[in-house]
Amino acid sequence: MIRYYVELAVHSLRRNKVLTALMILAIAVGIGASMTTLTIMHLLSGDPLRGRSGQIFYPQLDANPDSKGRQPYDMLDYQSATDLWHAHRADRQALVVNSTIKLQAPGTRLPPLMQPMLSTTSDFFPMFAVPFRFGRSWSAEDDAAHARVAVISAELNDRLFAGENSVGRTVRLKNSDVRILGVLAPWRPSPLFYDVRGGRFASGDTSSFYGKPEGVITPFSTALEINDGNFQPFTCWTVPSTPGHLQNASCVWIALWVQLGDAAKVAAYRHFLDGYVAQQHALGRITRTDNTRMRSLTEWLDFNGVVPSEVKLQTSLAFAFLAICLCNVVGLLLAKFLRRGGEIGLRRAMGATRRAVFMQCLVEAGVIGVLGGIGGLFLTVLGLWLVRRQPLPYADFVHLDVSMFLVTFLISVGASLLAGLLPAARASLVEPALQLKVL
Amino acid sequence: MGSLQIQPVLAALRRHRIATIVIALEIALACAVLCNACFLIAGRVQAMHVQSGVDEHALGTIKIEGFEASQANDLNARVMAALHAVPGVQSVSSIGAVPFGEPGVIAGVTLDAAGQRFGGVVDFYLAGPGATKAMGVRLVAGRLPAPDDFMPVTQIVPKEAPILITRVLAEHFWPGENPLDKTLWSMDTHFRVIGIVDHLSIPQPGAGEEKDADWSILVPAMPGPQFAGKYLLRSSPEDLPRVMRDARMAVLKTAPDAVLDLEQSRAIDELRETFFLSDRVMTRLLIAVIVALLGTTALGIVGLASFWVAQRRRQIGVRRALGATRGDILRYFQIENFLIVTIGIVAGMILAYAINLMLMTIYELPRLPAGYLPIGAVVLWVLGQLAVLAPALRAAAVPPVAAIRSL
């Protein structure tokens, strides 16, 4: 029966080619716009650590002695960060600090360049499941020994060493030689979650959270020595006495990430954090004991509003546009079906039930949906290609994945069936006698 | 004549309730999106036309990094000399930040020593000797820094420095008062206002926290270990592209072990281009949405009107046979379209405000000014009339004999 309806639908669609083309175009354009923006939304709002983001937490405390009790700072001061890290109360814990460093690769002809450097502790790699192409990460002993070692990104390895195995080679970071221990495999977390902070001060302009990982990764203890004088604070409550050297300054500039395997451990860590703050309060360093937070990774990303408001705005616009396109299709289908009133009346008079007429009309709408979906898919691919050419931090990883490919078709067929519902219902109400009289 | 026709049009529309509602809904949506999109475009365009207050076409900047504080004085002298030697350069001065470049020093200021009266978070421009003059900022009161106003930077900024602030900032800090010789406290030191400039935008206007683009302060400072590596070049606008090219080459040659920041070492015009790139892209996208949306709506109107014309051939024939002129038939469809579009616009205005309220809460956008609603209404009325014209003309061309011919 369905096959017959499809044949009828194709026949009917062929009869009025302009109208059919208009409807397919309307669906295709609406779907293309919505799916382009929805794909970007999907890529930007995804979970950067699938499967384990529920175990990752971001402790915060309020170390400002003159705190007014607002949200605690987005980062930690040196003492709090290192105290919490040294306590080793979590399954894994990593300090994170960012800076920029001058890099030279002896034996290559490249001029010195400034590279963003991530400095962290050894747990960072297993905690965030960082993939390696060559070599390995450093150990806890390297952390303790302030070892002159580094891990570099696949991209920097391509640039400096043409993608060869560079483990064991030396790069010069500012005035120190460090040995390359490992080279990462291509790794592109979206967003670059471990560097997310300060989102609430960005007025929605958060596309910088989707940048690439740093080229050089060094041990925290090592970085403080080799790049001394080049560390920038997130903010300070008194001006640091030595610019770029923040260990003893009243500044927040270090992030601490912890991994906590189950709810009991989370509760225990919260307790530990409160205890630490209370102890520091007793020592007179911290005034506010009630301004401590520990958000999970997902909560932290939400709190920072990582998805750029630009992208959300475009998505809403695209869906409003899809709604307009659908209204259009409803109107055109209505016109089309009712114009065939005579034909429908005849079918009804020959014994077709209202249900059969309804189904036939709906199948016709569905065929338009499938055709519109194919067109929409092409337009989505085109749209994403256009986005990739824009100067956006996330332009390089914009792509259509299988799930979004299927969603495109589902939305397209669903939308046109929805659009066909009303006209089909209206058509099935056609009175046979009335129409036959006209014939 | 027109008023006589509205009754039968309404009666006909009542018989085509579903189609009328659908097309009115489409117009309502189009109206709502159109008003909000126009509003968004206006916001972007306004942001893009921010006045920097400096002679953008005549200025460029050079940024070098990757050197030690101990090398700064020597490097500074070498680079400045090399830049001076570039033909066409009118002046070279040290600077902490430039409009549309990377942000410089950003700090909160208070209006009293105790830190009780918070003034706001403002941008500080460190300006070496000659920089204020080279920038071309317009002084409206007070004086420019004198040679002995330039002091070395100890921590981020010079201690107890004299400063120039913008008119907007002066009015914000001390409304209605004379701002000259007033004092500001920030970064563990205080500053005395010696001059007021007409305009000077912050390096990244519109980015970050919501504030006026003119919240900047100029601090005279002597280049030294804590203030080196950024230079402001001035040349005639015609020479600037070549001067910037030569300047970059000169720096690469003079300071081979420092790192020249190629992205930041540009003419201010180019920095402005780059800074507003995403706004331009968004504006183009919004315009594309508007065009597509109006096109779709127009096609919908054409489709439905054509259908109605075809459906009513006999009736049109009857009316014509009974003495209606071609003009009557034409006007009938025009009035019909006008009524449908009007219903859509009324619903659309309510929807536009609803969408705007949503945007206000989610994206922190300002309220939609009422002025955008009539614009949307007029655009859609015109669009509706244009779209219905072809089908209506076809209807008007139906001969009276159609009344007796079978369909």
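In which loop of chain A is Pro191(A) found? Pro191(A) sits in the loop between strand E7 (176-184) and strand E8 (216-219) of chain A. Helices here (H or I, at least four residues) and strands (E, at least two) are DSSP runs, numbered from the N terminus.

Before going further, a word on what you are looking at. This is a predicted model, in which local features need pLDDT of at least 70 and side-chain atom pairs count only at pLDDT 80 or more, while totals for chains, interfaces and linings use all residues. Residues are numbered from 1 along each chain as its sequence is written, and chains are lettered from A and ligands numbered from 1 in the order in which they are written.

The peptide bond joining Ser190(A) and Pro191(A) is cis, with omega about -5°. Ala162(A) is a residue other than glycine, yet its phi is positive, near 55°. For background, most residues other than glycine have a negative phi, and most peptide bonds are trans.

Now step back to the domains, whose bounds come from an automatic or database domain assignment. Chain A is divided into domain 1 (2-45 + 308-438) and domain 2 (54-303). Their C-alpha centres lie 49 Å apart. Eight residues from domain 1 of chain A and nine residues from domain 2 of chain A make the contact, where two residues count as in contact if their C-beta atoms, placed from the backbone, lie within 7 Å. On the domain 1 side of chain A, the residues touching domain 2 are seven nonpolar, one polar and no charged. In this scheme Ala, Val, Leu, Ile, Met, Phe, Trp, Tyr, Cys and Pro count as nonpolar, Asp, Glu, Lys and Arg as charged, and the others, Gly among them, as polar.

Chain B is divided into domain 1 (2-48 + 278-403) and domain 2 (93-228), with C-alpha centres 53 Å apart. Chain B holds eleven helices and twelve strands. Its C-alpha trace spans about 100 × 50 × 30 Å along the principal axes. The radius of gyration of chain B is 32 Å, whereas a compact globule of 407 residues would have one near 22 Å; this radius is taken over C-alpha atoms, and the globule rule is 2.2 Å times the number of residues to the power 0.38.

How do the chains meet? Here 42 residues of chain A are in contact with 43 residues of chain B. Helix H2 (17-48), helix H8 (277-311) and helix H10 (326-363) of chain B each bring at least two residues to the side that touches chain A. H8(B) gives the most to that side, with 16 residues. Sorted by class, the side of chain B that touches chain A has 27 nonpolar, nine polar and seven charged residues.

Zoom in on one helix pair across this boundary. Helix H2 (residues 17-44) of chain A packs against H8(B) at an angle of about 150°, with the axes 11 Å apart. Axes are lines fitted to C-alpha atoms, for helices over the stretch in contact, and angles run from 0 to 180 degrees between N-to-C directions. H2(A) is therefore roughly antiparallel to H8(B); angles under 35 degrees count as roughly parallel, over 145 as roughly antiparallel, 65 to 115 as roughly perpendicular and the rest as oblique. In this pair, Leu19(A), Leu22(A), Ala26(A) and Val29(A) of H2(A) meet Ala292(B), Thr296(B), Leu299(B) and Gly303(B) of H8(B). The residues of this contact are six nonpolar, two polar and no charged.

H2(A) also has a partner within its own chain. The axes of H2(A) and helix H12 (residues 354-388) of chain A come within 7 Å and cross at roughly 45°, so H2(A) and H12(A) are oblique to each other. Val29(A) of H2(A) is part of this contact too, and the H12(A) side includes Gly369(A), Gly372(A), Gly373(A), Gly375(A), Gly376(A) and Gly383(A). By class, the contact of H2(A) with H12(A) has 13 nonpolar, ten polar and no charged residues.
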